[in-house]
Amino acid sequence: MPINKSDKIWFNGEFVPWDEAKVHVMSHALHYGSSVFEGIRAYKTAGGPAVWMLDGHVRRLFESAKVYRMEIPYSFEEVKEAILETVRVNKHEACYIRPLVFRGYGELGVDPRGCPVDVVIATIEWGRYLGQEAIEQGVDVCISSWRRMAPDTFPALAKCGANYANSQLMKLEALENGYVEAIALDVAGYVSEGSGENLFIVRDGTLITPPLGFSVLGGLTRSAVITLAGDLGIPVQEQAIPRELLYIADEVFFTGTAAEITPIRSIDRVTIGAGRRGPITERLQVEFFGITEGEIPDRHGWLTPV
């Protein structure tokens, strides 16, 4: 999806014009993937823009940095306020927010300790990640030939730029074979997640998703869906999902800040359920979009007004 430029980017504590937010070509992150980041949405509501699950996203940003021993040179509250101010400065009604923490220009070599830790917050206007029609009609996906990383190789709970080299391989393979997205298996052959989304299936009225130990990111929308399912009386199980269970599931859907709640209508050209959004997926969407758009009370305190 093309990038729509905003006016300003928050860069190490200062707002700079979009085209002037630059890094040196010898920055450590460009050579070794030493970055952690978040994807956050601000939604348009009747009371103005509001950021979705701000505290959870900033917490995960700091936790990802901690795993990679990157000390963010700003406090939790400073980063939160910088995110809100970036939305204000760019006068967004709704937007996608990208905080990025990375090892900058200092030394060359795998050892990153001699490089500064830089922080960037950018905002762009962005629609549905997998397309507007996908929210109702669903998307066609495949099982990727690329596995998710083993638990003792890359830490899946850290949202690190390096992890997304694996995601790129998955996405490219899917697109070049006529699919919209891919689903990865973990090192043991169980279902893990999409290239940038968590995954749920519905089987006999129960919502099932892989546990965090199956090389999945601890998604904020994943957590919200589990909470909403509880509100609606829908049973939820976190358990290993064998590949073949995907094909015989009643419903399958992706979740994520970008993907929101996107149904899957086919996997490897096998039709899932009725081949479109199922009733439980729709119930969860109604709750999710109702809250994010301010039409249903934010009973869990997930929205932070800008």
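This is a predicted model: local features need pLDDT of at least 70, side-chain atom pairs count only at pLDDT 80 or more; totals for chains, interfaces and linings use all residues.

Residues are numbered from 1 along each chain as its sequence is written, and side-chain values use heavy atoms, with hydrogens and water left out.

Q: How many salt bridges does a search of the whole structure find?
A: A salt bridge here is a side-chain nitrogen of Lys or Arg within 4 Å of a carboxyl oxygen of Asp or Glu. Searching the whole structure with that rule gives a total of 19.

Q: How many residues apart in sequence are the parts tied together by arginine 60 and glutamate 38?
A: The side chains of arginine 60 and glutamate 38 meet in a salt bridge, 2.7 Å from N to O. Arginine 60 sits in helix α2 and glutamate 38 in the loop between β3 (35-37) and β4 (40-45), so the pair ties together parts separated in sequence by 22 residues. (Helices, H or I of at least four residues, and strands, E of at least two, are DSSP runs numbered from the N terminus.)

Q: Which residue forms a salt bridge with arginine 113?
A: Arginine 113 counts as exposed, at 70% relative accessibility. The closest N and O atoms of the pair are 2.9 Å apart, and the partner is aspartate 111.

Q: Which strand holds aspartate 140, the partner of arginine 265?
A: Arginine 265 and aspartate 140 form a salt bridge whose closest N and O atoms are 3.1 Å apart. This pair links distant parts of the chain, 125 residues apart: arginine 265 is in strand β15 (residues 260-267), and aspartate 140 is in strand β8 (residues 139-143).

Q: Are α6 and α8 roughly parallel or roughly perpendicular to each other?
A: The axes of helix α6 (residues 220-232) and helix α8 (residues 279-292) come within 10 Å and cross at roughly 110 degrees. Axes are lines fitted to C-alpha atoms, for helices over the stretch in contact, with angles running from 0 to 180 degrees between N-to-C directions. Angles under 35 degrees count as roughly parallel, over 145 as roughly antiparallel, 65 to 115 as roughly perpendicular and the rest as oblique. The two helices, α6 and α8, are therefore roughly perpendicular.

Q: How are α2 and α3 oriented to each other?
A: Helix α2 (residues 54-67) and helix α3 (residues 76-89) have axes that come within 10 Å and cross at roughly 125 degrees. By the angle classes, α2 and α3 are therefore oblique.

Q: What value is phi of glutamate 260 near?
A: Most residues other than glycine have a negative phi. Glutamate 260 lies in strand β15 and is buried, at 0% relative accessibility. Its phi is positive, near 55 degrees.

Q: Where is serine 215 found?
A: Serine 215 also has a positive phi, near 60 degrees. With a relative accessible area of 8%, serine 215 is buried. Its place is the loop between β12 (206-209) and α6.

Note on methods
Buried means under 20% relative accessible area, exposed over 50%, partly exposed in between (1.4 Å probe, protein chains only).
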